[in-house]
Amino acid sequence: MELSYNGERFIPDECNGEMRAEHYQRYYLVKQLSRGKKILDAACGEGYGSSLLSAVAEEVVGLDIDKDAICCAKKKYEKNNLSFRVGSIENLPFENKCFDIVVSFETIEHVGEKIQKKFLDEILRVLKDDGVLIMSTPNKRIYTDLVHAENKYHIKEFYSDEYITFLRHYFKNIECICQYPYTGYFMSWKGEKFQNIRKIPCTSMDDSRYIIAICSNVKNEYSFDTEKIAVFDNSMYYHLYKMVHKQEQQLIQIKQEAEDFGKRKEEDIIKQKKYIFHLEKDNKQQREYIKKLEKEDELKKQKEYILHLEKDNRIQREYIEKTEKDLQKQREYIIHLESDIEQQKKYIIHMEEERGEQQKYSIHMERDIGELKEYVNHLERDISELKRQIEKQNN
């Protein structure tokens, strides 16, 4: 799979000029520390930097969250001491204290503060005790504010002092290298060769376009040869000149298109004015025609018909008002009936309650009558027994 330039990720085969110079220069700097080291290139992209470091390092591992980028890197850069893995910077898939150097260029500004902190925690975990972090990020003051730009891929950029303060939460020792472009014009006799390159003014960290921080928790002496990796490439100038020239041509074209658009609009306005004049003329003729109709009998008939319609309308309104009053009375009568029905319901409930009491009383009376009947039967038996005894005595 071939990767294509999306406006942010550096692709060696597609990007030239200043962009190519600034990306390769960072890895040339790290290469001076890389001999015999085990290195993690975090967010390695398509792997060009990891490959460059592997020329002198003991082992290089390139890590990126983009599966397509890792697939491309594995096919493009094949070396015994070079490997590539898919993974996230907030959860590095490596054992503790296994790398001498962790490299991460132009990565940390692509994530929010929470992941930035998690990334640094993970770097500390995988770095050896004497390990070194080399991390770059654009200086927001120069990269963004100065040119009033905005990179849609960047989530949290740093100002120079803010960047150092952030790193000091994790590392005791921090050295910074400033990376910045410098252009100029030179004059010479035909065939003349410069014996010494004229000195380029040094810059402060605040004025640097990129800040490369070299971080560790062990005091180290670094002897980088920054002059050796300085890039004097006139293609950078001509690349920028070509872009500016292209922009000028586009600006001229846009200006011409704007002028043509303005002419078309002016022509449209003239046409609209003519059309408005025509409408005003027609409107005047219509008004004159109306005045003429007012003088004729037809208009009189129309006015009489309108009066007739207004009378009918008034009658209809009166009928509607009467109907609404009748409807209101019906509503009030319905409310009265509903009130009567409610009272009847309450009376029925009361009668049902009284009937229930009567039923209870009837049951009680029936029980008493039954007991009286048993008592009468008992008396009748006693009387019959007494009669038999009396008759027996008489005999």
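Buried here means under 20% relative accessible area, exposed means over 50%, and partly exposed is what falls in between (1.4 Å probe, protein chains only). Helices (H or I, at least four residues) and strands (E, at least two) are DSSP runs, numbered from the N terminus.

Before you click around: this is a predicted model, in which local features need pLDDT of at least 70, side-chain atom pairs count only at pLDDT 80 or more, and totals for chains, interfaces and linings use all residues. Residues are numbered from 1 along each chain as its sequence is written, and side-chain values use heavy atoms, with hydrogens and water left out.

**Stop 1: helix H3.** Select residues 67-76 and pick out Ala 69, Ile 70, Cys 72 and Ala 73, which are buried. Look down the axis of H3: these buried residues fall within an arc of 160 degrees (taken from the directions from the helix axis to the C-beta atoms), so they line one face of the helix. Now show strand E2 (59-64) and strand E3 (82-86), which are among what covers them.

**Stop 2: Ser 34.** Go to the loop between helix H1 (17-31) and strand E1 (38-42), where Ser 34 sits. Is Ser 34 buried or exposed? It is buried, with a relative accessible area of 0%. Leaving aside residues up to four places away in sequence, Ser 34 touches Ile 39, Leu 53, Val 56, Ala 57, Glu 58 and Ile 101 (contact means heavy atoms within 4.5 Å).

**Stop 3: two positive phi values.** Ala 43, in the loop between E1 and helix H2 (48-53), has phi near 65 degrees, positive although the residue is not glycine. Ala 43 is partly exposed, at 26% relative accessibility. Then jump to Lys 97, in the loop between E3 and strand E4 (99-105); its phi is near 50 degrees, again positive in a non-glycine residue. Lys 97 is partly exposed too, at 46%.

Stop 4: Colour by pLDDT, the predictor's confidence in each residue, from 0 to 100. The chain mean is 82, and 83% of residues reach 70 or more. Which stretch should you select now? Where pLDDT is low, the predicted coordinates should not be read in detail.
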